[in-house]
Amino acid sequence: MSNTKRVILTGATGLIGRQLFGALRERGYEIVVFSRNPEQARRQLPGAAEYVAWAPTPGGGWTAALDGADAVIHLAGAPIAQGLIGVRWTPAYKREIMASRVEGTRAIVEAIAAAPRKPATLVSASAIGYYGHRGAEPLDESAPPGNDFLADVCVAWEREATRAEALGLRVVRVRTGIVLDTTSGALGQLLLPFRLRTGGPILPGTQYYSWIHPADEIGIILLALEHPGAAGPLNATAPNPVTSHEFAAILGEVLGSPSWLPVPELALRAALGEMADLVTKGQRVVPRRAQELGYRFRFPELKPALRDLLG
Ligand SMILES: NC(=O)c1ccc[n+]([C@@H]2O[C@H](COP(=O)([O-])OP(=O)(O)OC[C@H]3O[C@@H](n4cnc5c(N)ncnc54)[C@H](OP(=O)(O)O)[C@@H]3O)[C@@H](O)[C@H]2O)c1
(Lines give C-alpha, C1' and ligand atoms only; values in the text may rest on other atoms or scores of the structure.)
Protein backbone atom coordinates (compact mmCIF):
# COMPACT_ATOMS: atom_id res chain seq x y z
CA MET A 1 0.00 0.00 0.00
CA SER A 2 1.32 3.46 -0.90
CA ASN A 3 1.98 6.16 1.70
CA THR A 4 1.42 8.86 -0.89
CA LYS A 5 -1.50 11.13 -0.09
CA ARG A 6 -4.12 11.38 -2.77
CA VAL A 7 -5.62 14.83 -3.25
CA ILE A 8 -8.57 15.78 -5.45
CA LEU A 9 -8.07 19.26 -6.96
CA THR A 10 -10.87 21.19 -8.67
CA GLY A 11 -10.03 24.46 -10.41
CA ALA A 12 -6.49 23.12 -11.04
CA THR A 13 -6.36 24.91 -14.39
CA GLY A 14 -7.02 28.34 -12.83
CA LEU A 15 -4.69 31.07 -11.65
CA ILE A 16 -4.27 29.64 -8.14
CA GLY A 17 -4.80 25.99 -9.11
CA ARG A 18 -1.93 25.90 -11.60
CA GLN A 19 0.58 27.07 -9.01
CA LEU A 20 -0.90 24.86 -6.32
CA PHE A 21 -0.66 21.87 -8.65
CA GLY A 22 3.10 22.45 -8.99
CA ALA A 23 3.54 22.85 -5.22
CA LEU A 24 1.57 19.67 -4.47
CA ARG A 25 3.65 17.72 -6.97
CA GLU A 26 6.85 18.99 -5.39
CA ARG A 27 5.61 17.73 -2.03
CA GLY A 28 4.93 14.30 -3.46
CA TYR A 29 1.14 14.28 -3.45
CA GLU A 30 -0.75 12.10 -5.89
CA ILE A 31 -3.09 14.56 -7.58
CA VAL A 32 -6.44 13.85 -9.19
CA VAL A 33 -7.41 16.81 -11.37
CA PHE A 34 -11.14 17.48 -11.71
CA SER A 35 -11.85 19.61 -14.76
CA ARG A 36 -14.74 20.37 -17.06
CA ASN A 37 -12.24 19.71 -19.84
CA PRO A 38 -9.88 16.95 -18.64
CA GLU A 39 -7.99 16.59 -21.93
CA GLN A 40 -7.10 20.27 -21.91
CA ALA A 41 -6.12 19.95 -18.23
CA ARG A 42 -3.88 16.98 -19.08
CA ARG A 43 -2.04 19.06 -21.70
CA GLN A 44 -1.79 22.08 -19.42
CA LEU A 45 -0.79 20.21 -16.26
CA PRO A 46 1.09 17.02 -17.05
CA GLY A 47 1.94 14.69 -14.17
CA ALA A 48 -1.36 14.16 -12.35
CA ALA A 49 -2.38 10.64 -11.34
CA GLU A 50 -5.75 11.07 -13.10
CA TYR A 51 -7.76 13.63 -15.04
CA VAL A 52 -11.43 13.32 -14.26
CA ALA A 53 -14.27 15.00 -16.16
CA TRP A 54 -16.52 16.67 -13.65
CA ALA A 55 -19.40 19.12 -13.73
CA PRO A 56 -20.51 21.21 -10.79
CA THR A 57 -23.79 19.30 -10.59
CA PRO A 58 -24.65 16.22 -8.51
CA GLY A 59 -24.04 12.69 -9.73
CA GLY A 60 -21.99 11.55 -12.68
CA GLY A 61 -19.04 9.16 -12.97
CA TRP A 62 -16.67 11.61 -11.27
CA THR A 63 -18.12 10.92 -7.83
CA ALA A 64 -16.35 7.51 -7.69
CA ALA A 65 -12.95 9.23 -7.84
CA LEU A 66 -13.53 10.66 -4.35
CA ASP A 67 -13.58 7.22 -2.76
CA GLY A 68 -10.31 6.64 -0.92
CA ALA A 69 -8.91 10.16 -1.45
CA ASP A 70 -7.19 11.74 1.56
CA ALA A 71 -8.26 15.32 0.87
CA VAL A 72 -10.24 17.52 -1.49
CA ILE A 73 -9.14 21.02 -2.46
CA HIS A 74 -12.07 22.70 -4.15
CA LEU A 75 -11.25 25.92 -6.02
CA ALA A 76 -13.55 25.82 -9.07
CA GLY A 77 -16.04 28.56 -9.86
CA ALA A 78 -16.96 30.97 -12.65
CA PRO A 79 -14.49 33.89 -12.70
CA ILE A 80 -15.60 36.80 -10.51
CA ALA A 81 -13.41 39.42 -12.17
CA GLN A 82 -12.15 38.17 -15.51
CA GLY A 83 -9.42 40.74 -15.96
CA LEU A 84 -12.00 43.37 -14.92
CA ILE A 85 -12.47 44.54 -18.50
CA GLY A 86 -14.85 42.75 -20.85
CA VAL A 87 -17.08 41.00 -18.33
CA ARG A 88 -20.07 42.57 -16.67
CA TRP A 89 -22.04 41.31 -13.76
CA THR A 90 -25.26 40.91 -15.72
CA PRO A 91 -28.07 39.18 -13.80
CA ALA A 92 -27.34 35.98 -15.78
CA TYR A 93 -23.61 36.12 -15.02
CA LYS A 94 -24.26 36.80 -11.35
CA ARG A 95 -26.41 33.66 -11.29
CA GLU A 96 -23.52 31.72 -12.83
CA ILE A 97 -21.03 33.07 -10.26
CA MET A 98 -23.38 31.97 -7.48
CA ALA A 99 -24.56 28.65 -8.95
CA SER A 100 -21.11 27.41 -10.00
CA ARG A 101 -19.94 27.78 -6.40
CA VAL A 102 -23.00 26.77 -4.41
CA GLU A 103 -24.06 23.84 -6.62
CA GLY A 104 -20.46 22.78 -7.26
CA THR A 105 -19.62 22.67 -3.55
CA ARG A 106 -22.90 20.92 -2.75
CA ALA A 107 -22.16 18.29 -5.41
CA ILE A 108 -18.68 17.69 -3.96
CA VAL A 109 -20.03 17.32 -0.42
CA GLU A 110 -22.83 14.99 -1.58
CA ALA A 111 -20.25 12.84 -3.37
CA ILE A 112 -18.12 12.76 -0.19
CA ALA A 113 -21.20 11.69 1.78
CA ALA A 114 -21.72 8.79 -0.64
CA ALA A 115 -18.06 7.69 -0.68
CA PRO A 116 -17.41 4.47 1.27
CA ARG A 117 -13.90 5.71 2.24
CA LYS A 118 -14.21 9.44 2.88
CA PRO A 119 -11.41 11.98 2.72
CA ALA A 120 -10.36 13.47 6.06
CA THR A 121 -10.03 17.07 4.86
CA LEU A 122 -11.91 19.52 2.65
CA VAL A 123 -10.18 22.79 1.78
CA SER A 124 -12.76 24.94 0.04
CA ALA A 125 -12.13 28.30 -1.58
CA SER A 126 -13.92 31.43 -0.45
CA ALA A 127 -13.06 35.11 -0.70
CA ILE A 128 -12.63 38.22 1.44
CA GLY A 129 -15.76 39.46 -0.30
CA TYR A 130 -17.38 37.55 2.59
CA TYR A 131 -16.84 40.62 4.79
CA GLY A 132 -18.50 43.15 2.46
CA HIS A 133 -17.11 46.68 2.35
CA ARG A 134 -16.15 47.93 5.78
CA GLY A 135 -13.83 50.94 5.40
CA ALA A 136 -10.72 50.86 7.58
CA GLU A 137 -12.05 48.39 10.17
CA PRO A 138 -9.54 45.52 10.60
CA LEU A 139 -11.36 42.27 9.84
CA ASP A 140 -10.21 38.91 11.18
CA GLU A 141 -12.02 35.60 10.75
CA SER A 142 -14.49 36.40 13.54
CA ALA A 143 -15.95 39.42 11.71
CA PRO A 144 -19.55 38.97 10.54
CA PRO A 145 -20.42 38.81 6.83
CA GLY A 146 -21.37 41.82 4.73
CA ASN A 147 -24.61 42.19 2.86
CA ASP A 148 -23.79 42.75 -0.80
CA PHE A 149 -23.72 40.34 -3.75
CA LEU A 150 -20.26 38.89 -3.15
CA ALA A 151 -20.86 38.53 0.57
CA ASP A 152 -24.06 36.59 -0.22
CA VAL A 153 -22.10 34.36 -2.63
CA CYS A 154 -19.40 33.66 -0.04
CA VAL A 155 -21.89 32.95 2.74
CA ALA A 156 -23.86 30.49 0.57
CA TRP A 157 -20.64 28.90 -0.79
CA GLU A 158 -19.13 28.45 2.70
CA ARG A 159 -22.42 27.07 4.04
CA GLU A 160 -22.25 24.22 1.52
CA ALA A 161 -18.62 23.45 2.42
CA THR A 162 -19.38 23.51 6.15
CA ARG A 163 -21.89 20.65 5.67
CA ALA A 164 -18.90 18.31 5.29
CA GLU A 165 -18.12 18.83 9.00
CA ALA A 166 -21.14 16.68 9.85
CA LEU A 167 -19.52 13.88 7.79
CA GLY A 168 -16.46 14.02 10.06
CA LEU A 169 -14.17 16.05 7.80
CA ARG A 170 -11.87 18.85 8.88
CA VAL A 171 -13.17 21.70 6.73
CA VAL A 172 -11.13 24.83 6.01
CA ARG A 173 -12.70 27.76 4.17
CA VAL A 174 -9.89 29.81 2.67
CA ARG A 175 -10.98 33.45 2.32
CA THR A 176 -8.58 34.69 -0.32
CA GLY A 177 -7.73 38.34 -0.89
CA ILE A 178 -6.48 39.98 -4.09
CA VAL A 179 -3.91 37.55 -5.49
CA LEU A 180 -1.21 39.67 -7.11
CA ASP A 181 -0.94 38.54 -10.69
CA THR A 182 0.74 40.53 -13.41
CA THR A 183 -1.40 39.11 -16.20
CA SER A 184 -4.92 39.51 -14.82
CA GLY A 185 -7.01 41.00 -12.06
CA ALA A 186 -6.63 44.45 -10.59
CA LEU A 187 -2.81 44.47 -10.75
CA GLY A 188 -2.76 43.29 -14.38
CA GLN A 189 -5.11 46.12 -15.33
CA LEU A 190 -3.16 48.76 -13.41
CA LEU A 191 0.16 47.93 -15.06
CA LEU A 192 -0.60 49.40 -18.48
CA PRO A 193 -1.41 52.95 -17.34
CA PHE A 194 1.67 52.93 -15.12
CA ARG A 195 3.83 51.72 -17.99
CA LEU A 196 2.40 54.58 -20.09
CA ARG A 197 3.27 56.94 -17.21
CA THR A 198 -0.40 57.75 -16.67
CA GLY A 199 -0.89 55.69 -13.52
CA GLY A 200 -2.60 56.73 -10.33
CA PRO A 201 -4.82 55.55 -7.50
CA ILE A 202 -8.38 54.40 -8.01
CA LEU A 203 -10.52 56.88 -6.10
CA PRO A 204 -11.57 57.55 -3.41
CA GLY A 205 -8.05 56.31 -2.57
CA THR A 206 -8.82 55.53 1.07
CA GLN A 207 -10.32 52.08 0.32
CA TYR A 208 -8.17 49.17 1.50
CA TYR A 209 -6.79 46.44 -0.74
CA SER A 210 -6.09 43.17 1.06
CA TRP A 211 -3.56 41.68 -1.29
CA ILE A 212 -1.50 38.47 -1.19
CA HIS A 213 1.57 37.29 -3.10
CA PRO A 214 0.87 34.02 -5.00
CA ALA A 215 3.62 32.22 -3.03
CA ASP A 216 1.79 32.98 0.22
CA GLU A 217 -1.58 32.07 -1.27
CA ILE A 218 -0.15 28.63 -2.03
CA GLY A 219 1.55 28.54 1.39
CA ILE A 220 -1.75 29.20 3.16
CA ILE A 221 -3.64 26.58 1.13
CA LEU A 222 -0.91 24.06 2.05
CA LEU A 223 -1.26 25.14 5.70
CA ALA A 224 -5.00 24.49 5.42
CA LEU A 225 -4.31 21.08 3.92
CA GLU A 226 -1.59 19.92 6.28
CA HIS A 227 -2.04 21.63 9.67
CA PRO A 228 -4.35 19.55 11.88
CA GLY A 229 -5.33 22.71 13.77
CA ALA A 230 -6.63 24.49 10.67
CA ALA A 231 -10.42 24.38 10.61
CA GLY A 232 -13.17 26.86 9.83
CA PRO A 233 -12.44 30.19 8.12
CA LEU A 234 -8.84 31.10 7.26
CA ASN A 235 -8.00 34.47 5.75
CA ALA A 236 -5.43 34.33 2.96
CA THR A 237 -4.20 37.92 2.86
CA ALA A 238 -0.87 39.54 3.68
CA PRO A 239 -0.65 41.04 7.18
CA ASN A 240 -0.24 44.57 5.78
CA PRO A 241 -3.17 45.63 3.59
CA VAL A 242 -2.76 49.07 2.01
CA THR A 243 -5.04 51.83 0.79
CA SER A 244 -5.53 52.41 -2.93
CA HIS A 245 -3.36 55.56 -2.58
CA GLU A 246 -0.55 53.57 -1.00
CA PHE A 247 -0.90 50.76 -3.53
CA ALA A 248 -0.56 53.13 -6.48
CA ALA A 249 2.37 54.99 -4.90
CA ILE A 250 4.28 51.73 -4.22
CA LEU A 251 3.47 50.33 -7.67
CA GLY A 252 4.69 53.58 -9.24
CA GLU A 253 7.91 53.41 -7.23
CA VAL A 254 8.57 49.78 -8.19
CA LEU A 255 7.91 50.50 -11.87
CA GLY A 256 9.82 53.79 -11.80
CA SER A 257 6.72 55.59 -13.06
CA PRO A 258 4.86 58.39 -11.27
CA SER A 259 1.52 57.80 -9.58
CA TRP A 260 -0.27 61.04 -10.39
CA LEU A 261 -3.41 60.51 -12.48
CA PRO A 262 -6.26 59.33 -10.24
CA VAL A 263 -8.95 57.09 -11.73
CA PRO A 264 -12.37 58.58 -10.86
CA GLU A 265 -14.88 56.25 -9.28
CA LEU A 266 -17.63 57.39 -11.66
CA ALA A 267 -15.60 56.52 -14.75
CA LEU A 268 -14.99 53.01 -13.45
CA ARG A 269 -18.63 52.60 -12.54
CA ALA A 270 -19.64 53.66 -16.05
CA ALA A 271 -17.22 51.12 -17.54
CA LEU A 272 -17.75 48.20 -15.17
CA GLY A 273 -21.12 48.70 -13.49
CA GLU A 274 -21.51 47.02 -10.08
CA MET A 275 -18.21 45.15 -10.58
CA ALA A 276 -16.40 48.47 -10.01
CA ASP A 277 -17.05 47.85 -6.29
CA LEU A 278 -14.17 45.35 -6.37
CA VAL A 279 -11.67 48.18 -6.71
CA THR A 280 -13.50 51.36 -5.67
CA LYS A 281 -14.45 49.81 -2.33
CA GLY A 282 -12.47 47.40 -0.26
CA GLN A 283 -11.85 45.73 3.06
CA ARG A 284 -8.93 45.65 5.49
CA VAL A 285 -8.52 41.97 6.22
CA VAL A 286 -5.94 40.53 8.61
CA PRO A 287 -4.67 36.91 8.59
CA ARG A 288 -5.12 36.25 12.31
CA ARG A 289 -5.70 32.47 12.10
CA ALA A 290 -2.78 31.83 9.74
CA GLN A 291 -0.45 33.69 12.10
CA GLU A 292 -1.85 31.87 15.15
CA LEU A 293 -1.12 28.60 13.35
CA GLY A 294 2.49 29.73 12.88
CA TYR A 295 2.39 30.63 9.20
CA ARG A 296 5.35 32.83 8.24
CA PHE A 297 4.68 35.09 5.27
CA ARG A 298 7.31 35.20 2.57
CA PHE A 299 5.95 38.58 1.47
CA PRO A 300 4.32 40.46 4.37
CA GLU A 301 4.98 43.89 2.75
CA LEU A 302 3.73 45.10 -0.62
CA LYS A 303 6.91 46.67 -2.01
CA PRO A 304 9.07 43.49 -1.90
CA ALA A 305 6.09 41.49 -3.17
CA LEU A 306 5.72 43.74 -6.23
CA ARG A 307 9.49 43.86 -6.75
CA ASP A 308 9.53 40.07 -6.79
CA LEU A 309 6.68 39.88 -9.32
CA LEU A 310 7.71 42.77 -11.54
CA GLY A 311 11.45 42.22 -11.54
N1 LIG B 1 -7.56 34.97 -7.83
C2 LIG B 1 -8.00 35.72 -6.83
O3 LIG B 1 -7.52 36.87 -6.62
C4 LIG B 1 -9.06 35.19 -5.91
C5 LIG B 1 -9.49 35.99 -4.83
C6 LIG B 1 -10.47 35.52 -3.98
C7 LIG B 1 -11.04 34.27 -4.18
N8 LIG B 1 -10.64 33.51 -5.22
C9 LIG B 1 -11.32 32.21 -5.43
O10 LIG B 1 -10.41 31.14 -5.46
C11 LIG B 1 -10.82 30.18 -6.45
C12 LIG B 1 -9.68 29.98 -7.43
O13 LIG B 1 -9.34 31.25 -7.97
P14 LIG B 1 -8.62 31.42 -9.38
O15 LIG B 1 -8.27 32.87 -9.51
O16 LIG B 1 -7.57 30.38 -9.52
O17 LIG B 1 -9.84 31.09 -10.36
P18 LIG B 1 -9.82 30.98 -11.95
O19 LIG B 1 -8.48 31.24 -12.51
O20 LIG B 1 -10.96 31.82 -12.43
O21 LIG B 1 -10.07 29.42 -12.19
C22 LIG B 1 -11.01 28.65 -11.53
C23 LIG B 1 -11.25 27.35 -12.27
O24 LIG B 1 -12.64 27.09 -12.11
C25 LIG B 1 -13.14 26.38 -13.23
N26 LIG B 1 -14.31 27.10 -13.73
C27 LIG B 1 -14.36 28.23 -14.48
N28 LIG B 1 -15.63 28.58 -14.75
C29 LIG B 1 -16.40 27.64 -14.15
C30 LIG B 1 -17.80 27.43 -14.05
N31 LIG B 1 -18.67 28.25 -14.65
N32 LIG B 1 -18.24 26.37 -13.35
C33 LIG B 1 -17.37 25.53 -12.72
N34 LIG B 1 -16.04 25.66 -12.80
C35 LIG B 1 -15.57 26.70 -13.48
C36 LIG B 1 -12.05 26.32 -14.27
O37 LIG B 1 -11.52 24.99 -14.28
P38 LIG B 1 -11.84 23.91 -15.46
O39 LIG B 1 -12.03 24.69 -16.73
O40 LIG B 1 -10.61 23.05 -15.50
O41 LIG B 1 -13.06 23.18 -15.04
C42 LIG B 1 -11.02 27.33 -13.77
O43 LIG B 1 -9.71 26.96 -14.08
C44 LIG B 1 -12.07 30.74 -7.14
O45 LIG B 1 -13.21 30.11 -6.63
C46 LIG B 1 -12.03 32.21 -6.78
O47 LIG B 1 -13.33 32.80 -6.67
C48 LIG B 1 -9.66 33.93 -6.10
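Where is arginine 197 found? Select arginine 197: this residue lies in the loop between H5 and E9. The model is predicted, with local features needing pLDDT of at least 70 and side-chain atom pairs counting only at pLDDT 80 or more, while totals for chains, interfaces and linings use all residues. Residues are numbered from 1 along each chain as its sequence is written. Elements are DSSP runs numbered from the N terminus, helices (H or I) having at least four residues and strands (E) at least two.

Arginine 197 follows H5 and has a positive phi of about 65° although it is not a glycine. It counts as partly exposed because 13 C-beta neighbours lie inside 10 Å. On this scale a residue is buried if 20 or more other C-beta atoms lie within 10 Å of its own, exposed if 12 or fewer, and partly exposed in between, with C-beta atoms placed from the backbone. Next, select leucine 203 and proline 204, which are joined by a cis peptide bond with omega of about 15°. Proline 204 belongs to the loop between H5 and strand E9 (208–209).

**H5 and its cover**

Move to helix H5 (residues 185–195), where Gly185, Ala186, Leu187, Leu190 and Phe194 are buried. The cover over these buried residues includes strand E8 (178–179), H7 and helix H9 (277–280).

H5 and H7 pack at an angle of about 60°, with their axes 11 Å apart. Axes here are lines fitted to C-alpha atoms, for helices over the stretch in contact, and angles run from 0 to 180 degrees between N-to-C directions. The two helices are therefore oblique to each other; angles under 35 degrees count as roughly parallel, over 145 as roughly antiparallel, 65 to 115 as roughly perpendicular and the rest as oblique. Their crossing is right-handed, the near helix being turned clockwise from the far one by less than a right angle.

In H5, Leu190, Phe194 and Arg195 meet Leu251, Gly252 and Leu255 of H7. Contact requires C-beta atoms, placed from the backbone, within 7 Å. By class, the contact of H5 with H7 has four nonpolar, one polar and one charged residues. Ala, Val, Leu, Ile, Met, Phe, Trp, Tyr, Cys and Pro count as nonpolar, Asp, Glu, Lys and Arg as charged, and the others, Gly among them, as polar.

**From H7 to H11**

Keep helix H7 (residues 244–255) and select helix H11 (residues 302–310): their axes are 10 Å apart and the packing angle is about 45°. H7 is thus oblique to H11. From H7, Phe247, Ile250, Leu251, Val254 and Leu255 meet Leu302, Lys303, Leu306, Arg307 and Leu310 of H11. This contact of H7 with H11 comprises eight nonpolar, no polar and two charged residues.

**H3 beside H4**

Turn to helix H3 (residues 91–114) and helix H4 (residues 149–162), whose axes come within 8 Å and cross at roughly 10°. That makes H3 roughly parallel to H4. Their contact has nine nonpolar, one polar and four charged residues.

Threonine 63, in the loop between strand E3 (50–53) and strand E4 (71–74), is the next selection. Beyond its neighbours within four places in sequence, threonine 63 is in contact with Ala111 and Ala114.

**The nonpolar core**

Finish with Leu9, Val32, Val33 and Ala224, which touch the most other members of the 93-residue largest nonpolar core. Such a core is a set of buried Ala, Val, Leu, Ile, Met, Phe, Trp, Tyr and Cys residues joined through C-beta atoms within 7 Å.

Definitions and conventions. Contact = placed C-beta atoms within 7 Å.
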